[in-house]
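Dear colleague,

Please find the structure we discussed below. My notes on it follow directly after.

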Amino acid sequence: MDTVATTVFVLLFVFVTVLGFVASRWKRGDLTQLHEWGLGGRRFGTLITWFLLGGDLYTAYTFIAVPALMFGAGAIGFFAVPYTIMVYPILYVVFPRLWAVAHRHGYVTSSDFVRGRFGNRWLALAVAATGIFATMPYIALQLVGMQVVIGGLGFDTTGLSGDVPLIIAFVILAAFTYSAGLRAPAMIAIVKDVLIYVTVFAAIIVVPIKLGGYGAVFNAVDVNKLLLAPPPPDGSSLGQYAAYATLALGSALALFLYPHSFTAILSSSSGRVIRRNAAILPAYSLVLGFLALLGFMAVALGLSKDPTFAAGFKQYGNNFSIPALFMASFPSWFVGIAFAAIAIGALVPAAIMSIATANIFTRNIYREFINPACTDAQESQVAKLASLVVKVGALLFVFAIDVPYALQLQLLGGIWIIQILPSVLIGAYTRFFNGWALLMGWAAGIGTGTWMAAENQFKVAIYPLHLFGTTVPCFIALSSVAMNIAVAVIVSLPLNRVASDRHKDVTVAGDYA
Amino acid sequence: MDNKEKTGARASWARLLLLAPFVAVLWVPFYNSIEPKIFGVPFFYWWQLLWVVLGTVVIGIVYRIEH
């Protein structure tokens, strides 16, 4: 075990724990109200929202997995960059509208909006359930990220005793989320983001100097991994080009539909704050891009052949490439900072995800179906308890299920969450769709998406479509949501004639401006 | 009116600029090449990293025009 690194790691962890508890007094509000506990009172300005969304979207798992994919598979792993380029124009245009209508009507979740817009509680339930099921494996993956760095510090993470550090981290997380709500991850995100920036900038300067410049880094990578494989010249397939583009676009369309992103957006204090953030959040994408290149640096350093790291790679696979890179390139105290950045980077999104799913459970299942007469204080209390249940669930998930399964479920989660796009994103613009038609489209999208993933044994997110004699390898999320929209349109046309439900819309055009 | 001030201005034609980043990164065959390199970085990588920055610039311009 590395004593210096572990000491630095633990000290930073203790520091953010204290912050997490102090946070309940920050921008003080009545925490017995759901929008205070679960949305921080919708009071976060441009800078806090920047830290919060940055800490929320660029998770510990991203920081481990993207470089690992570059390390293993090469150029295709870089799709995270175009993905995070396209996501911000979408944020700029669509989400201030959703913020405005949510603010006007007191909506806390996307399902709240769908309930008000389409007046269909079953559609709202489908949206709520999708959010919860898509998020659970995502929380579990944050723990996997944490496990890798704890393993990197020299702790044995196998067996019952190996789970102890993770359990401690989780109890801390659960406690401050329970008491401070969204204020806790907002405050901790500031520390996390500063640590991440310091760590990544140090790495992208120090490691290439060691290796003899960026040219040397790229020269060390197998030329076939440096670029996407070009499609066959006879035009029979669009090959990796289509896979790369659809992965990026589908992921960009799905990102802000996730409950944790939606929650962070609604917690901002105005639409203007969201637009400003669309312009300044790409700073994180730049960091992510450089971080992806660290995967190539790990290749150039020959880490997978280094006997010092053999055990780590054996246990954690390519996910060990980033921890190994830091251990190989930096003194122990800095390794402690880097690993703390990743572990705290897991706490922030895990906290927001558990708050977001708790909000959904409380608003769209408990209040809607179980106890419609509950008081605001009861509602907030149920959400706090639900956030605990969600976290225990995620923890059990990690212990009970192997990492590959968590990955497969997260892949499915991405395919599922995009199915609420017609109800939420398009619903923010038009009331053309009928509520029942959206529900049928949702079912069709979930069905085809899950089927295509099953055809791939839940291992690959790309499914080949055969269109006009050409094979188009397409990200399943994108092809299945196209099916979803097609069904919703076809069913809406007759329903709008014979059984229009437009009178159930409680929102008016002015609510969106 | 007060609320309009708070949530932002009217949508403008400038928003068409927001399509540029989509074209730049979705047109994969254009940038899937090693050359031209900059500081040893293949075109595939610096083109996309450049668009992270240009994406920010485009959104910044649209924001300026609308507010």
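Helix α14 (259–266) of chain A is mostly covered, with 8 of its 8 residues buried; a residue is called buried if 20 or more other C-beta atoms, placed from the backbone, lie within 10 Å of its own, exposed if 12 or fewer do, and partly exposed in between. The buried residues of α14(A) are P259(A), H260(A), S261(A), F262(A), T263(A), A264(A), I265(A) and L266(A). Helices here are DSSP runs (H or I, at least four residues), and strands are likewise runs (E, at least two), numbered from the N terminus.

Please note that this is a predicted model: local features require a pLDDT of at least 70 and side-chain atom pairs count only at pLDDT 80 or more, whereas totals for chains, interfaces and linings use all residues. Residues are numbered from 1 along each chain as its sequence is written, and chains are lettered from A and ligands numbered from 1 in the order in which they are written.

The loop between α14(A) and α15 (271–280) of chain A holds S270(A). S270(A) counts as buried because it has 22 C-beta neighbours inside 10 Å.

The expected span of a helix is 1.5 Å times one less than its number of residues. For α16(A) this gives 27 Å, and the end C-alpha atoms are 27 Å apart, so the two values agree. After α16(A) comes G302(A), which has a positive phi near 65 degrees.

Two helix pairs in chain A may interest you. Axes are lines fitted to C-alpha atoms, for helices over the stretch in contact, and angles run from 0 to 180 degrees between N-to-C directions. α10(A) (residues 183–211) packs against α16(A) at an angle of about 40 degrees, with the axes 10 Å apart. In this contact, residues of α10(A) including I196(A), Y197(A) and V200(A) meet residues of α16(A) including V287(A), F290(A) and L291(A); two residues are in contact if their C-beta atoms, placed from the backbone, lie within 7 Å. By class, the contact has 13 nonpolar, no polar and no charged residues, where Ala, Val, Leu, Ile, Met, Phe, Trp, Tyr, Cys and Pro count as nonpolar, Asp, Glu, Lys and Arg as charged, and the others, Gly among them, as polar.

Helix α1 (residues 3–22) of chain A packs against α10(A) at an angle of about 145 degrees, with the axes 8 Å apart. Here V16(A), L19(A) and G20(A) of α1(A) meet A184(A), M187(A), I188(A) and V191(A) of α10(A). That contact divides into 6 nonpolar, 1 polar and no charged residues.

Between the chains, 37 residues of chain A are in contact with 29 residues of chain B. On the chain A side, α5(A) (80–105) gives the largest share, 10 residues. The chain A side comprises 28 nonpolar, 6 polar and 3 charged residues.

As to confidence, the model scores ipTM 0.88 and pTM 0.90. Mean pLDDT (the predictor's confidence in each residue, from 0 to 100) is 88 for chain A, with 98% of its residues reaching 70 or more. Chain B averages 84, and 84% of its residues score at least 70. Over residues 1–8 of chain B, pLDDT stays under 50. Where pLDDT is low, the predicted coordinates should not be read in detail.

With kind regards
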